[in-house]
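Please look through the sequence and the model shown below before reading on. The paragraphs that follow begin at the surface, turn to the aromatic rings and end with the chain as a whole.

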Amino acid sequence: MDLRALRYFVEVVRCNGFTRAAEALHVTQPTISKMVRALEDELGGPLLLREGRGVQLTDAGQVVYARGQQVLEQSRQLLQEVAEVDGIARGSLSVGIMPTAGHYMAPVIARFQQRHPGVHLHVQEQGARAQRQLLLDGRLDMALGLHGTGQEGGDPSGDPASEGLEYCTIAHQRTRVAFAAHEVTDPEAPVRWSELAQRPFVFYTSDFALHQAVLQRCAAAGFSPQVRLETRYWDFIGDLVAEGVGVAVMFEHVIARFDPQRVSSRPLMGPELRWDVVQLWRSGYLSRAARAWLECVRAVYPQPPA
C-alpha cells in the first residue's frame, strides 16, 4: 500500500474536503483525487462519499481512516528511530507554537538548531486548543500550550495528565483588557467583567483558549459579548483596538508589545484569568530529537519567575 495515498486520504477526512486537504499538504487537488482513487481501487471499493464541499466516510472508509492513522504514526516513529541510529545527526521534529507566544520559543529554536543542525524542524502555528488536539492526535511531537494555575483562571483545556500528556512550565501569565490609549487614564485601575457588557469586543478565533474563556466569563457576568471581529493575529487585534473597533482580553505579555501611544490596558478582575504557558508532550516514548528539544527548553527556562 502506498503510504502517501493513505496520508492524502486521512488528510481529506481531517479537512473534510479535497480542496482544504490540498492546501494543507501543498499539492494540487487533482493529485490528491488521483491518489485517493488509487487507494479505493486497491482496496476494492469507495471510501468516501462527496457531499457538496465536504465528504462522508463509507463503512469501509471508517475502518481505513481509523487504522490508517495508526499506520502513519507507526511509519513516522519507524523513520525517526532509524534516523536516530547514529544519534541526532539527522531526523525531524514537529513543534506547535501559539502565534501569541512565538517569542518564548525563539531562543529555544536558536539553541536547538545550533546544537542539532541536522534535525529538520517543522513548526506549526495555531491556537492553544488546536495545538493540544494535534499533539493528542500524534501530529505534533511538542506543543506550546496553556495550563490552569489553580487560581481564578481555571484550566482552559483540562488536566494534561488525564489525557496522557506531560508538561513543564515556561512562564506565568495573566490577562488584561486592551483599550485605545486615549480611553485609559489609570492603567492600574481594575476593570470588572460586568463593566464590559456594553462594550464591543475583538476576539481571537475559536481555536484559541482565550476565545472560549472570555465567552464563559462574560456569560458568568450576565451578558453575551458584542463581537465585532475575530482574528488569529495578535498585532491585528492591537490595530483594531487602537482604532476603537472594540476592546480585547489579551495576555499581558502580548499587550506589552503594542505601542503605548496607541494601545493601553487595565487589569481584569472578577475573576482574573491567570494561566501558565507550558511545553506539552505525550507520555511514553520520546525520540532523541524530542528529548534534545526538552533539554533546550529547560536550559532556556529553568524556573519561571513567580
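A patch, as the word is used here, is made of residues with over 30% relative accessible area and no salt bridge, nonpolar side chains being joined within 5 Å. In this model, which is predicted, L229, Y233 and F236 form such a nonpolar patch on the surface, and together they have about 280 Å² of accessible area. Of these residues, L229 lies in strand β9, which covers residues 226-231.

The aromatic side chains can be read next. A pair of aromatic rings is described by the distance of the centres and the angle of the planes, and the structure holds six aromatic pairs. One of them joins F112 and W293, whose rings are 5.5 Å apart from centre to centre with 65° between the planes, an arrangement that is edge-to-face. F112 lies in helix α5 (residues 102-115) and W293 in helix α10 (residues 288-300), so this pair ties together parts of the chain that are 181 residues apart in sequence. Both F112 and W293 are buried.

The pair of Y204 and F208 has another geometry to examine: the ring centres are 4.7 Å apart and the planes are at 10°, so the pair is stacked, given that planes under 30 degrees apart count as stacked. Y204 is buried, with a relative accessible area of 5%, and F208, at 5% relative accessibility, counts as buried as well.

Where does A38 lie? The residue is placed in helix α3, which runs over residues 29-43, and with a relative accessible area of 40% A38 is partly exposed. Although A38 and D2 are 36 residues apart along the chain, their C-alpha atoms are separated by 9.2 Å.

These local views can now be set within the whole chain, which has 10 helices and 12 strands and whose C-alpha trace spans about 70 × 50 × 35 Å along its principal axes. Of the 306 residues in the chain, 48% are buried, while the chain exposes about 15000 Å², of which carbon and sulfur atoms supply 49%. Among the contacts in the chain with a separation of 6 or more, 76% are accounted for by residues 24 or more positions apart.

Technical notes. Residues are numbered from 1 along each chain as its sequence is written. This is a predicted model: local features need pLDDT of at least 70, side-chain atom pairs count only at pLDDT 80 or more; totals for chains, interfaces and linings use all residues. Side-chain values use heavy atoms; hydrogens and water are left out. Patches are made of residues with over 30% relative accessible area and no salt bridge: like charges are joined within 9 Å, nonpolar side chains (Val, Leu, Ile, Met, Phe, Trp, Tyr) within 5 Å. Accessible areas come from the Shrake-Rupley method with a 1.4 Å probe; for residues, only the protein chains shown count as cover. A salt bridge is a side-chain nitrogen of Lys or Arg within 4 Å of a carboxyl oxygen of Asp or Glu. Helices (H or I, at least four residues) and strands (E, at least two) are DSSP runs, numbered from the N terminus. Rings of Phe, Tyr and Trp (its six-membered ring) pair if their centres lie within 6.5 Å; planes under 30 degrees apart count as stacked, over 60 as edge-to-face and the rest as tilted. Buried means under 20% relative accessible area, exposed over 50%, partly exposed in between (1.4 Å probe, protein chains only). Contact means heavy atoms within 4.5 Å.
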